[in-house]
Amino acid sequence: MTGSLPVTTRCDRTPAWEALQAHFAAAGKGFDLRQAFSADASGSTKGAQRFANFSQPAPYVFADLSKNLIDERTESLLQTLAQQCGLEAHRDAMFAGEKINTTEQRAVMHFLLRQPALQAGDPPQPWHDALAEVHTTLSAMLAYAEQVRADESITDVVNIGIGGSDLGPQMAVLALAEFSTPGKRFHFVSNVDGHELAGILSQLDAEKTLFLVASKTFTTTETMTNALSAKRWFEAQLGAAAAPKIARHFAALTSNVAGAQAFGITTTFGFWDWVGGRYSLMSVIGLPLAISIGAAGFKEFLAGAHAMDQHFRSAPASRNLPIRLGLLDVWYRNFHGFSSRSVAPYHSALQRLPAYLQQLEMESNGKRVDRSGAALPFDTAPVLWGEPGTNGQHAYFQMLHQGTEVVPVEFVAVKKAAHNLPSHHEKLLANVLAQAQALMLGQADAGGHRDFPGNRPSTFLLLDELTPASLGALVALQEHRVFVSGAIWGINSFDQWGVELGKVLAKDVEARLASGEVSGLDASTAGLLQKLRA
Ligand code: F6P
């Protein structure tokens, strides 16, 4: 942690950017996937070489990028772009604990949350002390998780948190439900809309409930409002017996332990300012998952992520999956001009993956200025959206196949099912393969309405099984690919100033809703406010 950051160059100021523009005009724009496969007759199957070049294994994930609008020249120019931007130096600065979150003067070390202890003979690391704290906290959290698991009197665990303090744990608890301890139900309350909390409280018995109040800052209005109402409900349910039971029925997961204690929660698990909210799933924010799958399962989850960290740190750039995916994102956003990416997990347990990735991508890279604060002359984060397959096929896939905009799709499929209904899984896998195929091949000359243009790109991520380790690897893969595109764009992927204005205005409007004072408001807000008060 020397404090000096490596010199990086914004993508649009590199020679490679210009070369990519020329390449796009000459070959990228009119690129045809079908031709790319049929022109490659080197193997026994047409396109075998293309598949070999553009697919690769990474820890727990096999990726096929061959159905994307790229050729070898595209990838090699993108790789040159990465070099000229100083991507690897920026990555290494993150792994060295440099304060690459410059607007908040913070290191970005979520990788440390899954870093095993250093062994004798390992090179000294600048984050040595921080790692010791990580392991102490992890042990305490896992011991607590085991204690809750063993406690049959606790039947319901309610996580109260929002954004990174909700989406990650919720996504992962659902994804790994197969590994969950029996006898416990998990609930997630995030919205300040009281319908959510009220609906969940109505199902609970206070004596059998554990509330986890998850908030990095312990100041977020939604979470504080929900936590206060949950505490009042608990006190109302148990009357005089409530006070001594708060320590057993409420725990806080936060980097603001003092704030949690001031709120009246004494059971606390802490983390650090160098863990961004949307990168905090493997900190104590993962406690619901640890309770669900147990200490051993949680350690496997961390190990899967660590394996992907190692891949990102050390695999050569040309076979480095987060780098290849991040560069592909840049190619699509800045050269093809595609404004969104759809993620389609073909596994119902991954139902919250798109929502989780939405925050990861859009809160990290939804920025319009570079690291020095200068306005960017090019686009950044795409809109990320999606639903599990096959449901999406019967909803919005129509647009993917025949709409006017091209939307790259990222399929996530899992080879082995965890259920005993083999015919279902065969159909599911057939569908995911067929959708990728149909997007690419299209169907020409079938006449107007039945014409599928094809040449629509997709990436295919394949897991052998959905396990704690493979989910951990998938999460780390996505974290790092977001890092890569953010680094190329020259933005700070680790702050989120864009959420502040709405928070400030909400406070003002809340006071006006109470008082009826509309002076100085725009006519629309004033008119609506008066309607709400009438
Ligand atoms: O307002 C956005 C945000 O700060 C996210 O970045 C974060 O994940 C979420 O709110 C919740 O914040 P906290 O964990 O501090 O309650």
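Guide: Begin with a definition: a patch is made of residues with over 30% relative accessible area and no salt bridge, and nonpolar side chains are joined within 5 Å. The model is predicted.

Visitor: Which residues form the nonpolar patch on the surface?
Guide: Membership needs over 30% relative accessible area. Val504 has 55%, so Val504 counts as exposed. Together the members have about 300 Å² of accessible area, and they are Leu501, Val504 and Leu505.

Visitor: Which helix holds Val504?
Guide: The helix spans residues 500-515. Val504 therefore lies within that range, exposed at 55%. The helix is α18.

Visitor: How far is an N or O atom in the side chain of Ser215 from an oxygen atom of the ligand?
Guide: There are 14 residues around the ligand, and Ser215 is among those that come nearest, with Ser165, Thr217, Thr220 and Glu363. A polar contact needs N or O atoms within 3.5 Å. For the side chain of Ser215 the distance is 2.6 Å.

Visitor: Which residue follows α9?
Guide: Helix α9 covers residues 221-238 and reaches 26 Å from its first C-alpha to its last, close to the 26 Å expected. Its buried residues include Trp233, Phe234 and Leu238. Next comes a residue with a positive phi, near 60°: Gly239.

Technical notes. Residues numbered from 1 in each chain as written. Predicted model: local features only at pLDDT ≥ 70, side-chain atom pairs only at ≥ 80, totals over all residues. Heavy atoms only, no water. Patch = residues over 30% accessible without salt bridge, like charges linked within 9 Å, V, L, I, M, F, W, Y side chains within 5 Å. Areas by Shrake-Rupley, 256 points an atom, 1.4 Å probe, with all protein chains shown as cover. Salt bridge = Lys/Arg side-chain N within 4 Å of Asp/Glu carboxyl O. Helix = DSSP H or I, 4+ residues; strand = E, 2+ residues; numbered from the N terminus. Buried < 20%, exposed > 50% of the residue type's maximum accessible area, 1.4 Å probe, protein only. Near = heavy atom within 4 Å. Polar contact = N/O pair within 3.5 Å; in protein donor to acceptor, adjacent residues only side chain to side chain. Expected span 1.5 Å × (residues − 1).
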